Amino acid sequence: MPKKGKKAKLPLSDEEQLLLFQQKLLAEEEMAKKKERLLSQFLKDKLAKEEHNSALNLNKINTQWRTVLREVKTRELHKDIEILSQTFERVVDCKDSVIKSLAKDLSEAEEQYAHALRSHLHSIDQLLALQRCRLNLLEESYNTELEALTKEFETERKCLMSHRKTITDQHEKEIHYLQDVFMAMEQSYIDSEYESKLEFQSMWDDLKNKNLEEKHFLRLKLENIVEDLWRRFQDALKNYTDATEDQKIAFETLQVKDEKSSKEIEAQMKKIQRLQDSIIILKSKIMVHSRESEDQNQYIRKDKELVLAQLRKFKAQRTQARELSQENLVKLTLESNATLKALRRIVDKGEKILKLAEICRKFETEEEKVLPFYSSVLTPKEQEKIEEIYPEELTEQLAKVIVNYTGMENFWKRYNKVKLEQLSLQHRHVQLLEINGKLREMLKQYLDGISVSDEVMSQLNPLFIVNHRSNLPQPLSTPTTQPGDKPPPTTYIIEAAHVISHIL
């Protein structure tokens, strides 16, 4: 079987082609409209999104801008507060200096016032003294004049007693005359007052009628003028409304915008008002803090002045105490040096005493070693004699002193024993020196007697006898002893050899 072929396309007529072309155009127009609608919808959506995003971004920007503005404002406020605090401190310092200068001026003014017051009081005392003198003089003159006036009054009184009746009659007549004159004047015043009231009433009525006529005429005239002005106003209003219709529409749009802007302005004004309120609150706080700081500064200044006064006082006391302590330290050092020297002397003396005691211990006898402290060697009678020679009452103070020195009793016993032995040895030494001198003289005489030399021959010698004569000078006359007189004392001469033999 043969294959089926495709159907051949038939050629279209002009009308079909025109219809097809119109359908294509309509389809293209619908597609273009759909595209425009889609595009407009897309653009509207995009515009809404953009407006929403712009509003969000604007809010974000506003919030960030507000934070930035707040930070800037806080910095400015901090700077302003620092500047205000510095200015406040500077003003406080200036006021302190002014207060100090004013206090100084006040003290000087008080001194001047006191000086002026003293001079014023002195001058017032002088003036009072002068016034008292003047018053005394015036009182004296017053008393003299008073006495003179009393005398004149007494004299005139005596004279007037006679004229008294005539004067009283004349006084009554004058009183009646004056009453008649007063009644006449009062009547004339009442008549003149009534006439003036009538004239005033007539003039008041004339003026009232005239004012009413003028008022009616002016009312009619003003009504005509008001009607004419009202017509003119209506014409002008119509012309104005016709001419300003477009401007009215624009004005309404601008009014809507103005309302929006006024709302925004009100919001901003509220914000500004809040900021101003916060600024006012901060200013009030600053003022309160400044007042409190002023009060605190005043209290601190007073405390400072008190502390400075106490510090000056304490410094003066410290300087005085330092001077006293320095003087006491100097005295203490001098006294300590003196005491140290005295203690050194006492120590040296004690060491010397100990050394001497050690040396003396070698020379102690067996009895002293066994019985170092002796009892009193005085008999009771000798003790009574000593108490009679040196009577001394035992007082409380002396008893305390004796109690304090009871520990030194044994020491003083040994010391007194040693002192007595020393004195006895000194006495014995003096005796031995005298005996030694005598023995030396006797030995010399003996040696001179047994030896022959020029010196011996030139001197007197009892052993040298020539022609039964000695070279000793003889007495001129022998004294005769009378009955009752004592015989002359006989001198015994002992040879030196005999004495030496006994001593050695």
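## A buried aspartate and its partner

Asp96 is buried, with a relative accessible area of 16%; here buried means under 20%, exposed over 50% and partly exposed in between, with a 1.4 Å probe and protein chains only. This is a predicted model, where local features need pLDDT of at least 70 and side-chain atom pairs count only at pLDDT 80 or more, while totals for chains, interfaces and linings use all residues. Residues are numbered from 1 along each chain as its sequence is written, and side-chain values use heavy atoms, leaving out hydrogens and water.

Asp96 meets Arg301 in a salt bridge at 2.6 Å, N to O (a side-chain nitrogen of Lys or Arg within 4 Å of a carboxyl oxygen of Asp or Glu). The pair links distant parts of the chain, with Arg301 in helix α2 and Asp96 in helix α1, 205 residues apart. Arg301 is partly exposed, at 27% relative accessibility.

## Salt bridges within helix α1

The count comes to four salt bridges. Glu71 and Arg75 form one of them, at 3.9 Å from N to O. Both lie in helix α1, four residues apart, about one turn of the helix. Glu71 is partly exposed at 43%, and so is Arg75 at 48%.

Further along, Arg232 pairs with Asp228 at 3.4 Å between the closest N and O atoms. These two also sit in helix α1, four residues apart. Shared partners join Asp228, Arg231 and Arg232 into one salt-bridge network.

## Patches on the surface

Now for the outside of the chain. Patches are made of residues with over 30% relative accessible area and no salt bridge, joining like charges within 9 Å and nonpolar side chains (Val, Leu, Ile, Met, Phe, Trp, Tyr) within 5 Å. Asp105, Glu108, Glu110 and Glu111 gather in a negative patch; Glu111 belongs to helix α1 (residues 14–243) and is exposed at 56%. A positive patch brings together Arg312, Lys315, Arg318 and Arg322, with Lys315 in helix α2 (residues 245–362).

Ile61, Trp65, Val68, Leu69 and Val72 make a nonpolar surface patch of about 440 Å², an area from the Shrake-Rupley method with a 1.4 Å probe. Val72, in helix α1, is partly exposed at 31%.

## The chain as a whole

The secondary structure comes to eight helices and two strands, taken as DSSP runs: helices are H or I of at least four residues, strands E of at least two, numbered from the N terminus. Of the 504 residues, 2% count as buried. The chain exposes about 48500 Å², with carbon and sulfur atoms supplying 61% of it.

Definitions and conventions. Lys and Arg count as positive and Asp and Glu as negative; His and the chain ends are not counted. The place of a charge is taken as NZ of Lys, CZ of Arg, CG of Asp or CD of Glu.
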